[in-house]
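Dear colleague,

I am handing over the structure we spoke about, and my notes on what was found in it follow below.

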Amino acid sequence: MTVSASSEFPQSAAALYTPAQRARRDATRWTLVQGILAPVQFLVFLISLGLVLRYLATGTGYEAATYSILAKTLILYVIMVTGAIWEKVVFGQYLFAPAFFWEDVVSFAVIALHTYYLWALFTGSLAPEAQMTVALLAYAIYVLNAVQFLAKLRRARKDEEART
């Protein structure tokens, strides 16, 4: 069986986007939405991390830490939904496109931990210190996920440089 060159398959094994996917990525407004939400989420994360660590160190500021985690969780949900839409536009499927499979897997771990935090908060099933520990674990996995996405962004830029 022979395979002909197609705009739907990367031109080399190292290319992150095919020409058609790159065109869709560049044309969709969801790329801009992701580009705005990602740094906003990171800023909220940094503020929240400080508030959570302050609470764990001093025992004060539980409400501020809690509200910050709620804000981080809300932004996480929004970025996940809009990211799934972006993935559908660019790759033709809402999640687990081969180019972003592992990023999506880790994103689901981040979402699961944030959702567990919400459950613990609203049911009172964990003490405040344990809630904050869950948030810190979620944040640690979030940092790993952010590094994954930054590596993909760097790879996409290198692909663009190689292409031109």
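The largest nonpolar core has 21 residues, and V52, A65, I69, L76, Y117, M132 and Y139 are those with the most contacts inside it; such a core is a set of buried Ala, Val, Leu, Ile, Met, Phe, Trp, Tyr and Cys residues joined through side-chain atoms within 4.5 Å, where buried means under 20% relative accessible area with a 1.4 Å probe, protein chains only. At least two residues of this core come from each of helix 2 (29-58), helix 3, helix 4 and helix 5, helices being DSSP runs of H or I with at least four residues, numbered from the N terminus.

This is a predicted model, in which local features need pLDDT of at least 70 and side-chain atom pairs count only at pLDDT 80 or more, while totals for chains, interfaces and linings use all residues. Residues are numbered from 1 along each chain as its sequence is written, and side-chain values use heavy atoms, with hydrogens and water left out.

Leaving aside neighbours within four places in sequence, V52 is in contact (heavy atoms within 4.5 Å) with A65, I69, M132 and L136. Apart from the core described above lies another, of 10 residues, including W30 and F91.

Turning to helix 4 (residues 101-123), its buried residues, among them V110, L113 and Y117, pack against helix 3 (62-91) and helix 5 (128-163). Where helix 3 meets helix 4, the residues involved include I69, L76 and M80 on helix 3 and I111, Y117 and L118 on helix 4. Just after helix 4, G124 takes a positive phi of about 70 degrees.

With best wishes

Key: Buried < 20%, exposed > 50% of the residue type's maximum accessible area, 1.4 Å probe, protein only.
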